[in-house]
Amino acid sequence: MTDLIQITYISRATFEPGPRENGVEPHVGRILMSSRRNNPRRRLVGVLYYGDGCFFQCIEGERAAVQALFSRISDDPRHTDIRVLRVRDIDVRSFNDWSMKYVPAAREVLQQLRAFGQTRFDPYSFNDEQIEKMVDLLRTSADPTTGQLNSTSRRNAPADMMGLTYLAIALSTLALAVSCVTLAMIMEWI
Ligand code: FAD
């Protein structure tokens, strides 16, 4: 039988938030990209929330794989004050469709926080019921980054455009050369 667990932890980002690209803070975007690259081969899934300088992450998978990832994440200098909120045995992965889902500080999360009596996201003050509600909300919330954060990110777009421009110039030059040769042959013939 597979030994599945779910770990939920919180932490504080050590970086100053940069301007958002496609609605995602750039450090968070890089974390998501490596999570989405690494997690599938370890059969890990989960969700990451980032708001007001704090992370809230839930990771699910086989015990050894989750523990190995959490140990790596714990050494990551991009966050600090890491606190495990709960570790549970689970029968199935509930974030099955996501190598790492991303939920931004959107309206439904802010509404939930208001219901908790918070004006800023402070997961360090969550009680057990609030942790449960937050995980449930993240399970049902939309991920606006689906299909955006992959290796064909906007960073590659200028290089692709340059390649196309060179190809267009080369083809035009070739067409011009062929026309000149054809014209010369016609002139010679008449
Ligand atoms: P790369 O992602 O290619 O990075 C290479 C090295 O550089 C790593 O050692 C990395 O720690 C370091 N690095 C990269 N960017 C920075 C930076 N801006 N500042 C400092 N060091 C940097 N990884 C996962 O695989 N799955 C997850 O679900 C996951 N969740 C995370 C959640 C949080 C909140 C944080 C902070 C990190 C998370 N990570 C996750 C990243 C994890 O800590 C490792 O960085 C990552 O697993 C290393 O992947 P990689 O070997 O492919 O290296």
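1. Lysine 133 and glutamate 129 sit four residues apart in helix α4, so about one helical turn separates them. Helices here are DSSP runs of H or I with at least four residues, strands are runs of E with at least two, and both are numbered from the N terminus. The two side chains meet in a salt bridge, 3.3 Å from N to O. A salt bridge means a side-chain nitrogen of Lys or Arg within 4 Å of a carboxyl oxygen of Asp or Glu. Lysine 133 is partly exposed, at 38% relative accessibility. Buried means under 20% relative accessible area, exposed over 50%, and partly exposed in between, with a 1.4 Å probe and protein chains only.

2. A word on the basis. The model is predicted: local features need pLDDT of at least 70 and side-chain atom pairs count only at pLDDT 80 or more, while totals for chains, interfaces and linings use all residues. Residues are numbered from 1 along each chain as its sequence is written, and side-chain values use heavy atoms, leaving out hydrogens and water.

3. The salt-bridge count is 11. One of them pairs arginine 43 with glutamate 62, with the closest N and O atoms 3.2 Å apart. Arginine 43 lies in the loop between α1 and β2 (45-51) and glutamate 62 in strand β3, so the pair ties together parts 19 residues apart in sequence. Glutamate 62 is partly exposed, at 31% relative accessibility.

4. Glutamate 132 and arginine 86 also form a salt bridge, at 2.8 Å from N to O. This pair links distant parts of the chain: glutamate 132 is in helix α4 (residues 128-140) and arginine 86 in strand β4 (residues 79-90), 46 residues apart. Arginine 86 is buried, with 15% relative accessible area. Glutamate 132 is partly exposed, at 30%.

5. Now the ligand. Its shell holds 17 residues, and the closest are Ser35, Arg37, Asn39, Asp76 and Arg78. A residue counts if one of its heavy atoms lies within 4 Å. By class, the shell has seven nonpolar, six polar and four charged residues. Helix α1 (26-38), strand β3 (54-62) and helix α2 (63-74) each supply at least two shell residues. The largest share, five residues, comes from α1.

6. Which side chains place a polar atom by a ligand oxygen? For serine 35, an N or O atom of the side chain is 3.4 Å from a ligand oxygen. The protein covers 68% of the 920 Å² of accessible area that the ligand has on its own. Areas come from the Shrake-Rupley method with a 1.4 Å probe.

How values were computed:
A polar contact is a pair of N or O atoms within 3.5 Å; within protein, one must be able to donate a hydrogen and the other to accept it, and residues adjacent in sequence count only if both atoms are side-chain atoms. Ala, Val, Leu, Ile, Met, Phe, Trp, Tyr, Cys and Pro count as nonpolar, Asp, Glu, Lys and Arg as charged, and the others, Gly among them, as polar.
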